[in-house]
Amino acid sequence: MKPDGHDAGMILFSIDHVGIAVADLQAGIDFHTSVLGLRLAHREDSPEHQVSEAVLQTAGGDSNAAVQLVAPLSENSPLARFLARTGAGIQHLAFRVSDVESAAAEYRRRGLRLLYDAPKPGIRGSRINFIHPKDAGGVLIELVEVADGPDQGYRDTVRTRQSGTSPPEDNS
Ligand code: CO
């Protein structure tokens, strides 16, 4: 039996992450690791989007939905305007898709506006686009095409796995 995500008409494979806007990335990481007890899996600056990002995982591992902290890299970042207007907090909801171009095309066909005409690079080799929140019930929805396929998840770039069954991760 095929997984539901492969059924005709289903576009969204899984929840990839919940994006949380923070003014100070390191303070956000400290809270989410030391207090909430999540695991820092990845950090990356995204000049394209003028944000610095951190991916935090639950005990379930890298294929589970993550928390993504996003902090503005500059005053000109759209995220800086979001923080000024709304303050820190949940900023977007990201779904994993197998093909971001066809997902965007299908949502356009269904009458939704996408923020970009073509996908842009996201972190960890992904390709992303966004559905306009005004067309999605007030939620900024990110569509993420993961580099290795929607059911492969991500490689942890920060820490080696605790499990003896996994090969050591490349931290270079
Ligand atoms: Co995101």
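Helices (H or I, at least four residues) and strands (E, at least two) are DSSP runs, numbered from the N terminus. Under this scheme, Leu-79 belongs to helix H2 (residues 78-86). The model is a predicted one, in which local features need pLDDT of at least 70 and side-chain atom pairs count only at pLDDT 80 or more, whereas totals for chains, interfaces and linings use all residues. Residues are numbered from 1 along each chain as its sequence is written, and side-chain values use heavy atoms, with hydrogens and water left out.

**Overall organisation**

- The protein chain contains three helices and eight strands, and from the N terminus its elements follow the order β-α-β-β-β-α-β-α-β-β-β.
- Of the 172 residues in the protein chain, 42% are buried; buried means under 20% relative accessible area, exposed over 50%, and partly exposed in between (1.4 Å probe, protein chains only).
- Accessible areas come from the Shrake-Rupley method with a 1.4 Å probe, and for residues only the protein chains shown count as cover.
- Where contacts join residues at least 6 apart in sequence, 54% of them in the protein chain link residues at least 24 apart. Contact means heavy atoms within 4.5 Å.

- Leu-25, Gly-28, Ile-29 and His-32 are the buried residues of H1. Seen down the axis of H1, these residues fall within an arc of 100°, so they line one face of the helix; the arc is that of the directions from the helix axis to the C-beta atoms.
- Ser-34 and Val-35 are exposed on the other side of H1.
- The cover over the buried residues of H1 includes strand S1 (14-21), S2, strand S3 (51-57) and strand S4 (66-72).
- The N-terminal end of H1 is capped by Asp-24, with a side-chain oxygen 3.0 Å from the backbone nitrogen of Gln-26. A polar contact is a pair of N or O atoms within 3.5 Å; within protein, one must be able to donate a hydrogen and the other to accept it, and residues adjacent in sequence count only if both atoms are side-chain atoms.
- Leu-36 sits in the loop between helix H1 (25-35) and strand S2 (39-46), and Leu-36 counts as exposed because its relative accessibility is 51%.
- Phe-31, Val-35 and Leu-36 make a nonpolar surface patch of about 300 Å². Patches are made of residues with over 30% relative accessible area and no salt bridge: like charges are joined within 9 Å, and nonpolar side chains (Val, Leu, Ile, Met, Phe, Trp, Tyr) within 5 Å.

**Helix H2**

- The buried residues in H2 are Leu-79, Ala-80, Phe-82 and Leu-83. Because they fall within an arc of 155° when seen down the axis of H2, they line one face of the helix.
- Arg-81, Ala-84 and Arg-85 are exposed on the face of H2 turned away from its buried side.
- S1, S3, S4 and strand S5 (89-97) are the elements against which the buried residues of H2 pack.
- Leu-79 counts as buried because its relative accessibility is 5%. Apart from neighbours within four places in sequence, Leu-79 contacts Ala-21, Val-51, Val-70, Ala-71, Pro-72 and Gln-91.
- A side-chain oxygen of Ser-77 comes within 3.0 Å of the backbone nitrogen of Leu-79 at the start of H2.
- Gly-87 follows H2 and has a positive phi, near 85°.

**Salt bridges**

- A salt bridge is a side-chain nitrogen of Lys or Arg within 4 Å of a carboxyl oxygen of Asp or Glu, and by this rule there are seven.
- One of them pairs Arg-127 with Glu-101, whose closest N and O atoms are 3.1 Å apart. This pair links distant parts of the chain, with Arg-127 in strand S7 (residues 127-131) and Glu-101 in helix H3 (residues 100-109), 26 residues apart.
- Arg-127 also meets Glu-145 in a salt bridge (3.1 Å, N to O). Salt bridges that share partners join Glu-101, Arg-127 and Glu-145 into one network.
- Glu-145 counts as buried because its relative accessibility is 18%, whereas Arg-127, at 29%, counts as partly exposed.
- Another salt bridge joins Asp-135 and Arg-113 (2.8 Å, N to O).
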